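Here is a short briefing for a first look at this protein. Keep the sequence and the 3D view open while you read.

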Amino acid sequence: MANSYKDTMNLPKTDFPMRGNLPENEPKRLAKWENEKIYWRVLEKNKDGEPFILHDGPPYANGPIHIGHAFNKILKDFVNKSHAQRGFYTPYIPGWDCHGQPIEHMVEESLGTDKFRETPQPEIRRLCREWAEKYVDVQREGFKRLGVNADWEHPYLTFIPNFEAGNVEIFKKMYLDGAIYRGRKPIHWCAHCHTALAEAEIEYGNETSPAIFVRFEMTTVPAGLEAWEGKLDVAIWTTTPWTLPADDAVILHPTEPYVAVEHDGRAYIMAEALVEKLVAKFGWDDARVVEGFKATGTELQGNRYMQPIFADQGEEGVFIYADYVTMEDGTGIVHTAPGHGVEDYLAGQKFGVPVIMPVDDDGRFYVGEGMGTGGPFSGMDVNEANPVIIEWLRDRGTLILHENMDHSYPHCWRCHEPVIFRATSQWFVSMDDTGLRAAASNAIQNEVEWIPAWASNRIGAMVAERPDWCISRQRSWGVPIPVFSCSKCGHTVATEATFDAVIDLFYKEGADAWFTKSPADYLPADTCCEHCGAGVEDLVPEKDILDVWWESGVTHQSVLRHRADEGLRWPADMYLEGSDQHRGWFQSSLLTSVGAYGLPPYKSVMHCGFTVDENGEKMSKSKGNGIDPADVMGKFGADVLRLWVASVDYSHDVSISDNILKQVSDAYRKFRNSLRFLLGNLEDFSNDDIVASWDDLEPVDKYMMARTYALLRECEDAYDAYKFQGVYRSCYDFVNELSSVYMDVTKDRLYSEAPSSPRRRAAQTVLMNILEVLVRVLAPILSFTCDEVWEFYPEPLRGESDRPTSVQLAGWPTRDDFAPALPADDGAAAIADFAPVLAVREVVTKALEDARAEGSVKKSQEAAVRVTLPADVLQAISAFDDAVFEELFIVSGVEFEAGDDFACEVMNASGEKCPRCWNYRELGGNANHPDVCERCADALDAIGFEE
C-alpha cells in the first residue's frame, strides 16, 4: 500500500533543472536578451526614474579580455543592475581607449621597424585604427558573454571624430586660461618607445645600479681651508654615473654642518653626520677631521669645483643647497645634473644653474667634445656607458669607491624597460599657475565620495605631490596637440579662433585631417603670428600628440556632455576602476574637469583591487598562473564567475584559481537547489491561496517571513553601500538557514498535508514570499540563473499576460509586497521569540546525530526526545505548543523538564509508523483509511483517494 500512498503525496514538481549547464545555456539566454532588447526595455521601464550614471572607464583595445577586465566589468554590472532593479534610469555607454603607443607598437612589429619608419603617418594611423577596431570587437563579445548590460552597439571610441573634438574643447579652455604651457624640463623618457611618459605611465621595479663615490677638485677654497688650496675636493655620491657629463652643480643640505676629512694628503668635504660611516666604508684608517673648519650648506653655497668630465676645458660646477638632501646615504652632497631629475631641476632653477642635456631620443650621448655632448663617451647608450665612465674615473684617480645597490627604479609601463629622466621641450599642464592643484585637492576632500573612504587620502597625496603634467607624446597614433608654430619666428600660434577651427575640422573629418591638410585649408584666412605677423601659410601644425591619459581623462566632455541627449549627464554619479587609476584615469579626469569647469567629473569614485592567484601572487604568462575568463565560463559559466566577484572584498586584491572557483561553484549549487525547491513546492499555489493574515501563520512561518524581510533590508543596505560581498553573505547565510531549518522542517507539511490545508498553504505562502525576494535581490549578481528561475515560475503564479518577460523588468520587492502584510514591528518579535527555540533545536539536532551514529535510531521520526533546559529558557519557549517542537525537531514526541544545563535524551517514539508520512503516531485515522494516522486520513479524504 505504501507505493500507492506515495502517489498521494504533494511532492515537488518543476521543470527547472537541477543542473544549470551554464556554459551551454547562458549563450542562449544572451541571444534571448539581445532579441528582446533587454537593455533598452529596462531603460524604457525606468525612463521616469531618477538617473544614475556610471561612467565607463575605457579599457585598452589591445588583446582579448583578461580576468581583471571581467572582475571590473562585472562589478559595474552589479552597480547598474542593482540601481535599475530599484527603478533608477541607468544608461551605460561602454568605451575603449584606442589611441597610444601599444597599438602603434603592434603595428610596428607587424610591419618591421624599417618599413614602419618609411610608412607615411596617415597610413600608420589607418593600420592602427584597424588594429583597435579588431580588438574592440573581440573585447565587446567577451564582455557581453559575462552578462553585462550596456549599449554595446554604440560605444564610445577615442578615435571617432566627435570624441577627438572633445579633446580640443578641453585643451582650448585650459590653454586660454593659462593652465597649459610649453617648457623644457626633465621628464620620464623611454628610449625604447621614443616618447615622454607621465607619472601615471611609470611602474616601479627592482634594479641593480652602480653606486659610486667620486671626488671633484675644488677651484674655490672655503674660509678655514686655505691651507688645503690645490689639495681640496668635494666628495659626492651618485647611482647614475652616466649623468656625470651633464653635471653642473652639487647640492648640500642648507642647515646640516659639513667638515673636511684629511686622507692621504688631500682634504675631502662631506657631511659631519656621515664621517664615521664613510671613513669606515672607504677604509681610510689614517683619516682625521681638519680642525678649524665647519660650515652649513647655506654658508658653502657659491663655491665651485672642476666639472668631473670636462675639467680640461675649464668647465666648472657650483655649490647649491636644497632641503631634500638626506643624511642617510652617500656623503650628504649630491651630484646634480638638472636636465636629468625633477628635484635637481627645481633646485637648480632657484640658483640659475643651466640645464645641460647631452642625451638624444635614443638614450645615447650626442657626439662631440664639450659640455652638452658625451665627450669621451660620445655615441654610447647611457646604460652601457656606466661601467666605462666608472673605469674612466678610476684611471684618473677621482673614483673613491664603487659598489652596487638594489633599489626601486622607474620603468615604462608599456615596454617595461628602465626609463631615464631627460630634459626636453614638452607641453605641460601647470598644477599651480591657475590654482589647479588647490582646486583638485579641495574637490577630493569635499566634493567627492570615495569608496572605500580611505582612497581620498591616496589620490589626495598623489595630487599634492605630483609635478606638472607632461601631456605631449612623440608618437603618430593619437590626437595632436592642437596648436601651431610660426615657421618664421618659432612662436606658438593658438587663439580662440584657431581652436574653434580645429574643433570644427575634427567634428567633420576627425584628427586624421590634421596630418593630411594644410592649416590654410581650415584656419580663418586672417590667422597670423601675433609675434612677427607671418600669415596662415607660414604656420606649421604641432607634431606631438596628446598623452593617452589626457584622452581618456576628457571622456567627461566627449561622452558625458556630448551624449547628454542619450540620458548621460555631467558630472557622473560614479567612476569605477582599478586602484591603480588613482594615479591614472581618476586623476586625469579630475584635473581636466576641474581645470576646464572648476568641478570634478564624478560625484563618487569606487575602486577595485587587482586579481591575484590563490597564493596572492600577481598573474603572468611566465608563471602560468593566469586565469582566462573565457576558460572559466567554458567550464563553470558566467554566473559562477559573477558569484565569485560578489563573494570577495573588491576594495583589496582578490584571489582566484580553479580551486576557489570550485568552492564558489558549490555555493552556486546551494542557491540553485534552494530556488528549485521553492519552485517545486509552489506548483499548485496561486495568489488566491495566500493566507489571509499574519495570525494564520505558524510560529516557524512567522519567523521565516520576518527573516525574509530582514534579508531584503540587509540587501538594500548592502547594495546602497556597494558592499556586494554583504549581499552575497546575507543571501548565502539565509539560504543555508532556509535549507537546514525551514525547508527541512516544513517538508512534512508540504508533502503530507492535504493540498489545500491551511497549514500547507501557510508554508507555501512563506515560500512564495521568499522566492519573490530572492529572485529579485540576486538578479543583479546571478543574472542568468534568476532570469531562468523567472521563466520557470509555476503557472498559477505567473499572473496576467502582461507579466514582465524578464526578472530584470520585475522591479524591486518592497514591504508592501509581502503577503500577508507584516506586523507593525516587521516581525522583530517573531525573530526574538523564536531565537531560544532555535537554540534548543541545535541541542536536539546534535543529540539526534549522535543517536544515528550509534545506531539507536535511523531517522529522526523514529525518535521522541526529552529535553532538559534551564528554567529561564524553559519559560521563554513555554508559549509554543508541543506540535511546534515536533515539527521543528522532526521527531514524533517531545518532553521538556527544567534543569541546570542543556541536555537531550533520545528515546524510541511511541505509536506506529504511518506508512504514508512515516511519522510515528496512533494509526487508525478513520473508517475510510484505517491504516494511516489521522492527519493522513484527512488528507486522503480531501483528495478523494480510495483504498
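Start with Thr-331, in the loop between strand S14 (316–321) and strand S15 (333–336). Helices (H or I, at least four residues) and strands (E, at least two) are DSSP runs, numbered from the N terminus. The model is predicted: local features need pLDDT of at least 70, side-chain atom pairs count only at pLDDT 80 or more, and totals for chains, interfaces and linings use all residues. Residues are numbered from 1 along each chain as its sequence is written, and side-chain values use heavy atoms, with hydrogens and water left out.

**Confidence**
- pLDDT is the predictor's confidence in each residue, from 0 to 100.
- The protein has a mean pLDDT of 93, and 99% of its residues reach 70 or more.
- Among the elements, helix H1 (residues 2–6) has the lowest mean pLDDT, 75. Strand S1 (residues 54–55) has the highest, 98.

**Two buried residues**
- Thr-331 counts as buried because its relative accessibility is 1%. Buried means under 20% relative accessible area, exposed over 50%, and partly exposed in between (1.4 Å probe, protein chains only).
- A polar atom of the Thr-331 side chain lies 2.7 Å from the backbone oxygen of Ala-235.
- Leaving aside neighbours within four places in sequence, Thr-331 is in contact (heavy atoms within 4.5 Å) with residues including Phe-213, Trp-237, Met-270 and Leu-278.
- Arg-642 sits in helix H22 (residues 638–647). Arg-642 is buried, with a relative accessible area of 0%.
- The Arg-642 side chain has a polar atom 2.7 Å from the backbone oxygen of Ile-781.
- Not counting residues up to four places away in sequence, Arg-642 touches several residues, among them Ile-74, Asp-77, Leu-146 and Pro-780.

**A partly exposed glycine**
- Gly-925 lies in the loop between strand S33 (920–921) and helix H31 (934–943).
- Gly-925 counts as partly exposed because its relative accessibility is 23%.
- Its C-alpha atom is 7.8 Å from that of Asp-938, 13 residues apart along the chain.

**Helix H20**
- Helix H20 (residues 585–597) has 13 residues. From first C-alpha to last, H20 reaches 17 Å, close to the 18 Å expected at 1.5 Å a residue. The expected span is 1.5 Å times one less than the number of residues.
- Eleven of the 13 residues of H20 are buried. Among them are Trp-585, Phe-586 and Leu-590.
- Just after H20, Gly-598 takes a positive phi of about 80 degrees.

**An antiparallel sheet**
- Three strands form an open sheet in the order S22-S21-S23, with antiparallel pairing. Two strands pair if DSSP finds at least two bridges between them.
- Strand S22 (492–493) and strand S23 (539–541) are at the edges with a single partner strand each, so one side of each has no neighbour in the sheet.
- Two bridges join strand S21 (residues 484–486) to S22. Ser-485 has Thr-492 in S22 as its bridge partner.

**A mixed sheet**
- Another open sheet has three strands in the order S30-S29-S31, with mixed pairing.
- Strand S30 (893–898) and strand S31 (903–908) stand at its edges, each with a single partner strand.
- Six bridges join strand S29 (residues 863–869) to S30, and the two run parallel. Val-865 has Val-894 in S30 as its bridge partner.
- Helix H28 (residues 828–854) packs on this sheet, touching S29, S30 and S31.
- Helix H30 (residues 882–889) also packs on the sheet, touching S29 and S30.

Terms used
A polar contact is a pair of N or O atoms within 3.5 Å; within protein, one must be able to donate a hydrogen and the other to accept it, and residues adjacent in sequence count only if both atoms are side-chain atoms. Axes are lines fitted to C-alpha atoms, for helices over the stretch in contact, and angles run from 0 to 180 degrees between N-to-C directions.
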